[in-house]
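Thanks for making time this morning. I would like to walk through a few local details, and I will begin with a term that we need for the strands.

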Amino acid sequence: MKQYNVTGMTCAACSNRVEKAVSKVPGVSACSVSLLTNSMGVEGTASAADIIAAVEAAGYGAAVKGASKAQQGDLFADEAESLKDHETPVLKKRLLYSLGFLAVLLYISMGHMMLDLPLPGFLAGNPVGMGIVEMLLSGIIMVINQKFFVSGGKSLFGGAPNMDTLVALGSMAAFVYSFLTLLQMTTAQLAGDFGRTVFLMEGFYFESAAMIVTLITIGKMLEARSKGKTTDALKSLMKLAPQTATVIRGETEQTVPVGEVLIGDVFVVRPGETIPVDGIVLEGTSAVNQAALTGESIPVDKGPGDAVSSATLNQSGFLKCRAERVGKDTALAQIIQLVSDAAATKAPIAKMADRVSGVFVPIVIAVAVITTAVWLFVGAGTTSAVSHGIAVLVVSCPCALGLATPVAIMAGTGRAAKNGILFKTSEAAEMTGRTQIVAFDKTGTITRGEPRVTDILPADGISERELLEMAAALEAKSEHPLARAVMLRTEEDGINVEPVEDFKAVSGSGVEGFADGVKLIGGSRKFITSFTELSDELQAKAEGLADEGKTPLFFMKDRRLIGIIAVADVLKEDSREAIEQLKAMGIHVVMLTGDNRRTAEAVGRAAGVDEVIADVLPEGKEAVIRRLQESGKVAMVGDGINDAPALTRADVGIAVGTGTDIAIDAADVVIMKSRLLDVPAAIRLSRATLTNIKENLFWAFFYNVVGIPLAAGAWIPVFGWSLTPMFGAAAMSLSSVSVVTNALRLNFFNIYDSNGDKKRSVDISKTKKKEVHTMVKTMKIEGMMCGHCESRVKKALEALPGVSEAVADHAAGKATVTMAEEVADDVLRKAVEDQDYKVLGVE
């Protein structure tokens, strides 16, 4: 999406006109205009020149974002300039001048008549003189606020009237009617008809003409200030961008603008300094505060080989780093781009308001003309009829309709970004809140993605430490993932061991070695039982661990069993709490995994999910999401390359920040902190944003539905209610301000507070899996000893043409193969044996 800055827009009708004009340009496939940020996103092959020409032809200005020459090193100067509040200072100046002249006008027009305040001698008893002074003062105020008339006139004659057109017509109608009345007064006074002269004074609307533009200016200024606050989150992100970096050039350190740092440059960061670009630590250790990017205030330890990100704070040590991503490719720059892009897109809920805004102004003008004609027809005076027509023009507010969605989206996405949650589009910010089913990938999302020791069960007479020491001595030379889990536990417990001698690894089964001349053996139950028999009690313990999704490793010393160490891919700390919060919100939680059902069910029970779908192929995840969508809106949460199709298929794809670039690119929402609690937080914030949008739209529609009939005088026969043009202008101003102010409440929304969560039901009856097997073979396999072995066998078999699914079970020593077409036994056997496992038979 290419971004443009657009100038000259004042209301929703303006943004609609620009959008329609650009959409007609050949080569434009999509266009979205944001009145809030005065920006436009365009997709397609059309040239920038053609797009800018279309905008200018519609009566507005446009420029490509980034085309302006920013200061060297200031990467976000153009974006910051587009968000800068240029309106408020101009409007404030206009308002001060307007109020000064308006005070004099009101003193003359109302002060004397209502409060009996004294008038200058040349006006006392001179109605025509008073009228002329009122006309001049009103004219001055209208000239000060000429933008309404210039913009409104251009839009009207261009065939696309906007809010400025309504204001200009209302104010000009009051002024012209008053001017004609003044001419009649002058004629009457010259004829000596003083009574008629005084009577005609009641038809003056000079103060209304001036008051209309002044009140609208007040509203515009308050609206501009409030709109500026909704982009505070984005502006604060831009302020985080470092301006300089200390790089090593030759043998010396040089301070250069951050825009001059190149990939491969070596830079240094001292304590208290901000890291200028994304890089890799070469030397030094330090605690780095990453709150700017992730919202997490606890510093993270960094050392050689660790990645560091731009805008994070080096708190303690000296770091020497190599630049990996610079300029607009840094993590901070991408976050800013995502938030900016989200503001430039439109949420589906905004489309209804856009359709209404597109025809709103012409309808209001027609209603004003009809109102005036009807009042004249029923015999009301010209003054009363004109007053009602003007009131209809100035009370109507398309701005409230146009702002209802974008201000809430900007406030919501900005609040999310501050907490490390990135919505890529406005649609994602809306659809996340409509989620009814959340599907989690297991490995690396619900679980840590790496095996950890969970249980240590030493035999009688053996301590846990002794068992760990002997196990670590055996596993120290092994490269198996389960061995790494044992070694990690010994490191955490501060146990230092000497590796065994004469180490031997039996592929897929276990390990052997000698320590101080004593033979140590470790491995799977099947491997250990080839050396000794297991008691019923140990068999039961092993079964119990397997039922919990854990892999039991047995260890022997000198042909005596010394204990069991269980290893598993454990849950993340916040997984269960996050899932409980989702369930409390009425969301059906599903876990998808390629693991066998026994392991998957154990993890599912520990995590507390509603449904477990096991033995799912990578490409099968996308099919599962499609099936789940039959029951409601689905959000998919994943982190791997194999999750990308499912993330794309889901109504909302949510990628955790530590995941692969492919998963993040495929997702609609990115969780920077990789905390699962941010998933319910994102849904909670999206729901709050959606509620805020609905409140804004309700107020905008309600205001116009009530205000226009009131201004037209429809309630006079029933309740005697009516609305003067001045009060109509005040109401119009307040309507926009109220919508923007309501959206600002999202800046204070606590996304982690689950107390206000509301349940929403979802029918999951259609999600039950329908199994259709065309051909099934069972393979007896020797050598599998853990879930990782199962994954290797599964992957090898599923890579064969004709195999639709393979389910391996190391505990049972078998693999069940489902085929869409006949696959020869020899082919199946070879695929498994190529992975260093032994096939005992195929049935």
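Two strands count as paired if DSSP finds at least two bridges between them. With that in mind, and remembering that what you see is a predicted model, look at strand β17, residues 501-506, and strand β18, residues 510-515, which run antiparallel and are joined by 4 bridges. One of the residues to look for here is Glu501, whose bridge partner in β18 is Phe514.

Strand β18 also pairs with strand β19, residues 518-523, again in the antiparallel sense, and here there are 6 bridges. Ala515 stands opposite Val518 of β19, and the two strands form a hairpin with 2 residues between them. In that turn, Asp516 has a positive phi of about 55°.

Let me move to the helices. Two packed helices are described by the angle between their axes and the distance between the axes. For helix α30, residues 787-798, and helix α31, residues 825-833, the angle is about 140° and the axes are 9 Å apart, which means that α30 is oblique to α31. The crossing is right-handed, and the contact is made by Val793, Ala796 and Leu797 from α30 together with Leu828, Ala831 and Val832 from α31. These contact residues divide into 6 nonpolar, no polar and no charged.

Finally, what does the side chain of Thr372 reach? Thr372 is found in helix α13, residues 350-377, and its side chain reaches the backbone oxygen of Ala368 at 3.0 Å. Leaving aside residues up to four places away in sequence, Thr372 touches Ala385, Val386 and Gly389.

Methods. Residues are numbered from 1 along each chain as its sequence is written. This is a predicted model: local features need pLDDT of at least 70, side-chain atom pairs count only at pLDDT 80 or more; totals for chains, interfaces and linings use all residues. Side-chain values use heavy atoms; hydrogens and water are left out. Axes are lines fitted to C-alpha atoms, for helices over the stretch in contact, and angles run from 0 to 180 degrees between N-to-C directions. Angles under 35 degrees count as roughly parallel, over 145 as roughly antiparallel, 65 to 115 as roughly perpendicular and the rest as oblique. A crossing is left-handed if the near helix is turned anticlockwise from the far one by less than a right angle, and right-handed if clockwise. Contact means heavy atoms within 4.5 Å. Ala, Val, Leu, Ile, Met, Phe, Trp, Tyr, Cys and Pro count as nonpolar, Asp, Glu, Lys and Arg as charged, and the others, Gly among them, as polar. A polar contact is a pair of N or O atoms within 3.5 Å; within protein, one must be able to donate a hydrogen and the other to accept it, and residues adjacent in sequence count only if both atoms are side-chain atoms.
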